[in-house]
2 protein chains.
Amino acid sequence: MTLRNFFEPSSVAVIGASREPGKLGHEILRNIIEAGFKGKLYPVNPKADEILGLKCYPSIKMVPTKVGLAVIIVPARFVPSVITDCGAKGIRAAIVISGGFRESGPAGEKLERQTLKAAKQAKIRIIGPNCQGVNNTAAGICASWPLVKVRGPISIISQSGTISAAIACWAADEGIGICKLVALGNKCDVDETELLDYLANDSETKVIALYIEGVSDGRKFMKVARAATDEKPVVVLKGGRTAKGAEAVLSHTRSLAGSDAIFDAVFKLVNIIRVNDVEGLYDICKGFVGLPLPKNKNVVIITSSGGSGILATDACEELNLNVMDLPAEVCDVLKDKLPPECILRNPLDLTGSATSQMYDEALEALAGISDVGSVIIVVGDPMLGISEVIAKHFARGKTLVPVMLGGGQVEAEERAKLQGSGTPTYSSPVRAARTLAALARYGAAER
Amino acid sequence: MTLRNFFEPSSVAVIGASREPGKLGHEILRNIIEAGFKGKLYPVNPKADEILGLKCYPSIKMVPTKVGLAVIIVPARFVPSVITDCGAKGIRAAIVISGGFRESGPAGEKLERQTLKAAKQAKIRIIGPNCQGVNNTAAGICASWPLVKVRGPISIISQSGTISAAIACWAADEGIGICKLVALGNKCDVDETELLDYLANDSETKVIALYIEGVSDGRKFMKVARAATDEKPVVVLKGGRTAKGAEAVLSHTRSLAGSDAIFDAVFKLVNIIRVNDVEGLYDICKGFVGLPLPKNKNVVIITSSGGSGILATDACEELNLNVMDLPAEVCDVLKDKLPPECILRNPLDLTGSATSQMYDEALEALAGISDVGSVIIVVGDPMLGISEVIAKHFARGKTLVPVMLGGGQVEAEERAKLQGSGTPTYSSPVRAARTLAALARYGAAER
């Protein structure tokens, strides 16, 4: 069975919906409503007639029409029988939010086995249990929390609800948005590998962010991941790199963190980009969806801030990018166009008296040089109008990575304008370089 | 002569003040006015009668009263004679913003020598030239840009104007504020070492952020730095770690970046904390001013997000902190106070159903255990009221490092409340761990 029912159901039942704000059964129902789901939505709760203006049903069996997806928030001990009822109702996909399963000890482990058994018998696929749900912005289904509605190209598969939520919130804040989000929880049935396969073939998803603590089947994961990275970039953050981290993994999701060296080798082999923190995961996904892949490792750094240009240089060099010599033809053009205080090297230092016009000249001179794979554009204390200049050159297809820092109100405005035009911006030279290095590595491997 | 004239002058002349918004001579004058400087302020410009409502003087010699500090923004070729005039006027401190000196080639180098010679003859100390100025929030003197007025405990010495501005802006945004900021520029006279010495003895400065590309006198720097770190923490970001970065340093400020391995050894020897990016510089300064030093390397991680707790564990372990076993007495207390789904290990996982009350219980149980040097408090999708709980325990003096992520509006509100109460917050487990590791290392070395 396809996983499509989880993302594009015609109707959704929220089993364990609650009248009480703050309860998950209330928040999830409200988030689905507020996300703008267009299909039928059925709260199920034997003790309520109506929740959030929707007629409430005492059990899933009483719902009058066909239901595509069940979101289950009832206490763990009721879940197996609810699953059986869902099966009888013809439902083929259930998201089990409820905790109290394998993560909580032997009794929960037994309940999880019973749940899975009921699901197999009923031919229902399960995401969870003990999970933070699923969001598909395109369908207006935020069966998760917090509410994130901004539609965009980043999809997220995560063994941590908070980590997926953090990526989604940051992407919403910057207007980039997300596509599909799945918080896996205990992954008793649907796992990271199956979702990776699904999202690799999902045309709306342009990049996949993955937080995992282990994989269910290493061999299958490798095969699927290799095929996935041929389709689109996959960026992974793996918890449990250290011995104590691995112990914590065992407590959290009962995953075996495994040898980190092996994971590292596998990720390299299948061209998955690896990061070590949540912000790196976000930064690089943002880069993949916002920036064209650089054609080569050669970088030119344009800067109004000498110091920031140097930090970018250090970071690029350490990350295996090449801070190339400024091409002679670029020097020739620019020495007549830029004031004499500018330093015609790489970094190309426009100095503190840089203007938008000077950035424009520099970008113009670099535009036609195919040997220049990418340009990091550092704007210290951004000036009015710089966003238009960057957006203009951005539209011409070279990989331009804007960095803005050290400014006040004007920086905030120019940054917002750039983001509004779909151009990602970074707040430090190092984060920009790290992103660019990931793009260059992915691009080189896929060429 | 003391450097005090740069920070606490009774009166300031802005030589090269401009009527034209956008020009530095205008912006700096306006920033000094808007920062609330209480002393006399004299714009000097032969072509204007009045600028920004202040009477303008044709030359510094015509200013009627004594002047404590000159801020000079005239073209480079006029600077030596302006310095001589300042000397005749009895001024003892001048900030030279103007560029066009050593950084611009042989002619500029000559001008810089002439400027320095004039200064020596006139007994004037110079910050700059080619610099982004000085800010002292306590005195309301923002002789720099952008305007930053929020007064706080972080002082900054930087060979990059943008990097110091970035730290200042972030500190202002989070309500932490800055104390004294100096953008060194070409440091023809006053250098990082002399300022380090001055700020080490400045009672308002609680931590010193340093961006350098080289040092003028290594031996003197070591001596001063060692004394400074006995007084307060010093955090350094050094540009030019790589060969190409070092080349760029030479172009930027004509500093010799020197052997990075030697710098690294020196920083360790004198207990300077080293970071490799601007955000790290800010994060760690924020930690030093907001958090008490941990008494030892033992960390407990409390989390509502299993995944984030694991990331914190990995980062702590890699950074030489000890993710200790959860003390038995803490387990004993908490097993009766927390719901059974909580995982009584370290990380102490309160799970997704964590409440403020549960954090309160956990922090209470840890409060009296002196073996626990610090607590990282990860709050995934923060709940209303968590800031009060953290603030309450924070006031009791243990090193608590709050991390908030994966939440929407409530997170923003709770974060703002915590920051308002003077408690720093971090947005990722890794940034929090990095900060804590720096504090622990500094604390251990100074014990």
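In strand E6 of chain B, B:Val96 is the bridge partner of B:Ile72. The model in which this pair is found is a predicted one. The bridge belongs to a set of three that join strand E5 of chain B to strand E6 (residues 93-96) of chain B, and the two strands run parallel. Strand E5 of chain B is also joined to strand E1 (residues 11-15) of chain B, here by four bridges and again in the parallel sense. Within that pairing, B:Val12 has B:Leu69 of E5(B) as its bridge partner.

The side chains of strand E5 (residues 69-72) of chain B can be sorted by direction. B:Leu69 and B:Val71 point one way, while B:Ala70 and B:Ile72 point the other way. In a regular strand, side chains alternate between the two faces of the sheet. All four of these residues in E5(B) are buried, that is, under 20% relative accessible area.

In chain B, five strands form an open sheet with parallel pairing, in the order E2-E1-E5-E6-E7. Its edge strands are E2 (40-44) and E7 (125-127) of chain B, and each of them pairs on one side only. Direction ignored, neighbouring strands of the sheet are turned by 20° against each other on average.

Chain A has an open sheet of five strands as well, with the order E2-E1-E5-E6-E7 and parallel pairing. Strand E2 (40-44) and strand E7 (125-127) of chain A stand at its edges; each has a single partner strand, so one side of each is left without a neighbour in the sheet. From one strand to the next, the twist averages 20°. Inside this sheet, strand E1 (residues 11-15) and strand E5 (residues 69-72) of chain A pair in the parallel sense over four bridges. A:Val14 stands opposite A:Val71 in E5(A). A helix covers part of the picture here: H3 (residues 79-88) of chain A packs on the sheet and touches E1, E5, strand E6 (93-96) and E7 of chain A. The direction of H3 makes about 165° with that of E5(A).

Elsewhere in chain B, two helices pack against each other. Helix H11 (residues 306-318) and helix H16 (residues 429-446) of chain B meet at an angle of about 35°, with their axes 8 Å apart. The crossing of H11(B) past H16(B) is right-handed. From H11(B), the contact is made by B:Ser308, B:Leu311, B:Ala312, B:Ala315 and B:Cys316; from H16(B), by B:Pro429, B:Val430 and B:Ala433. Sorted by class, the residues of this contact are seven nonpolar, one polar and no charged.

The last point is how the two chains are arranged. Chain B is superposed on chain A by a rotation of 180° with 0.0 Å of shift along its axis, at an RMSD of 0.0 Å. The two copies are therefore related as by a two-fold rotation axis. In chain B, the C-alpha nearest that axis belongs to B:Glu279, 5.9 Å from it. Of the interface residues of chain B, 100% are also interface residues in chain A, so the copies meet through the same surface.

How values were computed: Residues are numbered from 1 along each chain as its sequence is written. Chains are lettered from A and ligands numbered from 1 in the order in which they are written. This is a predicted model: local features need pLDDT of at least 70, side-chain atom pairs count only at pLDDT 80 or more; totals for chains, interfaces and linings use all residues. Side-chain values use heavy atoms; hydrogens and water are left out. Copies are superposed by least squares on the C-alpha atoms of residues with pLDDT of at least 70 in both. Contact means heavy atoms within 4.5 Å. Two strands pair if DSSP finds at least two bridges between them. Axes are lines fitted to C-alpha atoms, for helices over the stretch in contact, and angles run from 0 to 180 degrees between N-to-C directions. A crossing is left-handed if the near helix is turned anticlockwise from the far one by less than a right angle, and right-handed if clockwise. Ala, Val, Leu, Ile, Met, Phe, Trp, Tyr, Cys and Pro count as nonpolar, Asp, Glu, Lys and Arg as charged, and the others, Gly among them, as polar. Buried means under 20% relative accessible area, exposed over 50%, partly exposed in between (1.4 Å probe, protein chains only).
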